[in-house]
Structures are given as C-alpha cells and as structure tokens.
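Here is a protein chain to read closely. Work through the questions with the model in view.

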Amino acid sequence: MNSIVRHMPDATALQPDFRSAMRQLVGGVSVITVGRGDDVTGMTVSSLASLSIDPPSVVVSLNRNASSWPILQRERVFGANLLAADQIGVAERFSGKGGLRGAERFAGADWRKHVTGVPLLVGALAALDCEVEEIIERHSHGIVIGRVVHVDVAPQSAALAYWHGSYVSVDRDDDRAALAALSVPDPGFTP
C-alpha cells in the first residue's frame, strides 16, 4: 500500500512570501463605508469584486479585527466606493493614515446617502449601496456578499489602483496614447 505524505509548510513562514506574491496583483482601490448617523467608519480595500449581475452583487474581504467589522455585522449594510485616481487622500484617510478613526475619516470629501443610509462618496468612479446577504468567516477575515440596492456612476475618469505597495493611476486615454506611441495595436480601436 502506497501512502502519500503531504508536506504542509508552516503558515507563518509563508506569510512574507505570500504578501510579496499578492503585491504582484494589481487591485482597484475602494473604500467600504459602514454605519449610520454619527456611528460611521470605513476602510480602504483592494479586495472588492463583482459577484453577479443577476442580482447585482459584490463580494469583499474584510479583516475581522478592523473597527468597521462590528458595525457591519450589526447594521448589515455597507457602501462600496470605487476610487478615482485623484482620490488618494480619501484612500489614505480610510487606511488609518495619520491615526484618523471613525467619523474623522469622512472629513475633506462630500458624501450622500441613498437607500440604506450609509455614506457614499460623491465623485467616486462608482458608489454602490449594499445590503449584506451573507458573511462567511474564514481565518482572519470575513467574506461579505452584498446585494447592490443603488448605484451612482461618475463620468469616465482615471481609476486608482494599488500595486507593489503604492497607489497608481490607471487612465484609459493616457494608456491608449502610450500604446500608440509604442506602435502597439489598441484592441479597442475600430476604424
């Protein structure tokens, strides 16, 4: 009888390499907002993704040690704000830069409320008002599935992305011009 022995590496030993590997993945930057009234907070994430168009749904992974977590669990609603390239300041405030917490993170930007009452960022590339459908808790994070109940979409603009530990701008028009300068065919061009 043959037996297969699997070598299971120490998870702690893998963390630095895993972190380096994930820095290779370019992610759109979003701010997740939770709470209503004076009891609001939020966090910057690069883990937001669409889940379904029917019904409109998103999925986001949130650290269960974050200050936003207990409010999300209690209120069961959140905003998903997809940031434009010129909104680095918003991203930094919601990442806790400068020690800002709770409602302090909302200063310096315009916010509005729609269906659920969570703050949505005016001028974001898109702002999604969401109700929690399900939370799956795994390891240090919760996988949150949200049903979208309202959408605001801004005119086309450059997007904010995160890559190699830094914010970068993704601008369709600038990128097309750079490709043209290099004589690389633009797959979206039709004569």
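**A guided look at the chain**

Thr 33 sits in strand β2 (residues 30-36). Strands (E, at least two residues) and helices (H or I, at least four) are DSSP runs, numbered from the N terminus. This is a predicted model: local features need pLDDT of at least 70, side-chain atom pairs count only at pLDDT 80 or more, and totals for chains, interfaces and linings use all residues. Residues are numbered from 1 along each chain as its sequence is written, and side-chain values use heavy atoms, with hydrogens and water left out.

Q: Is Thr 33 buried or exposed?
A: Buried means under 20% relative accessible area, exposed means over 50%, and partly exposed lies in between (1.4 Å probe, protein chains only). Thr 33 has a relative accessible area of 0%. So Thr 33 is buried.

Q: Which backbone oxygen does the side chain of Thr 33 reach?
A: Contact means heavy atoms within 4.5 Å. Leaving out residues up to four places away in sequence, Thr 33 touches several residues, including Phe 78, Trp 111 and Pro 119. At 2.6 Å, its side chain reaches the backbone oxygen of Pro 119.

Q: How many salt bridges does the count come to?
A: A salt bridge is a side-chain nitrogen of Lys or Arg within 4 Å of a carboxyl oxygen of Asp or Glu. By this rule, the count is seven.

Q: Why does the pair of Glu 75 and Arg 36 tie together parts that are apart in sequence?
A: The two side chains meet in a salt bridge, with N to O at 2.7 Å. Glu 75 lies in helix α2 (residues 68-75) and Arg 36 in strand β2, so the pair ties together parts of the chain. Those parts are separated in sequence by 39 residues.

Q: Which residue forms a salt bridge with Asp 39?
A: The closest N and O atoms of this pair are 2.5 Å apart. Asp 39 lies in strand β3 (residues 39-45), and its partner lies in helix α2, 35 residues apart. Asp 39 is partly exposed, with a relative accessible area of 36%. The partner is Arg 74.

Q: Where does Arg 64 lie?
A: Arg 64 and Glu 137 meet through their side chains in a salt bridge of 2.6 Å, N to O. Glu 137 is in strand β9, 73 residues apart from Arg 64 in sequence. Arg 64 itself lies in the loop between β5 (56-63) and α2.

Q: Is Ala 124 buried or exposed?
A: Ala 124 lies in the loop between β8 (120-121) and β9 (126-138). Beyond residues up to four places away in sequence, Ala 124 touches Asn 81, Leu 82, Gln 87 and Ala 154. Its relative accessibility is 4%, so Ala 124 counts as buried.

Q: What is the relative accessible area of Phe 18?
A: Phe 18 lies in helix α1 (residues 11-22). Phe 18 is exposed. The value is 54%.

Q: What is the order of the open sheet of three strands?
A: Two strands pair if DSSP finds at least two bridges between them. β1 and β11 (residues 159-163) pair in the antiparallel sense over two bridges, and Gly 27 stands opposite Tyr 162 in β11. The order is β1-β11-β12.

Technical notes: Polar contact = N/O pair within 3.5 Å; in protein donor to acceptor, adjacent residues only side chain to side chain.
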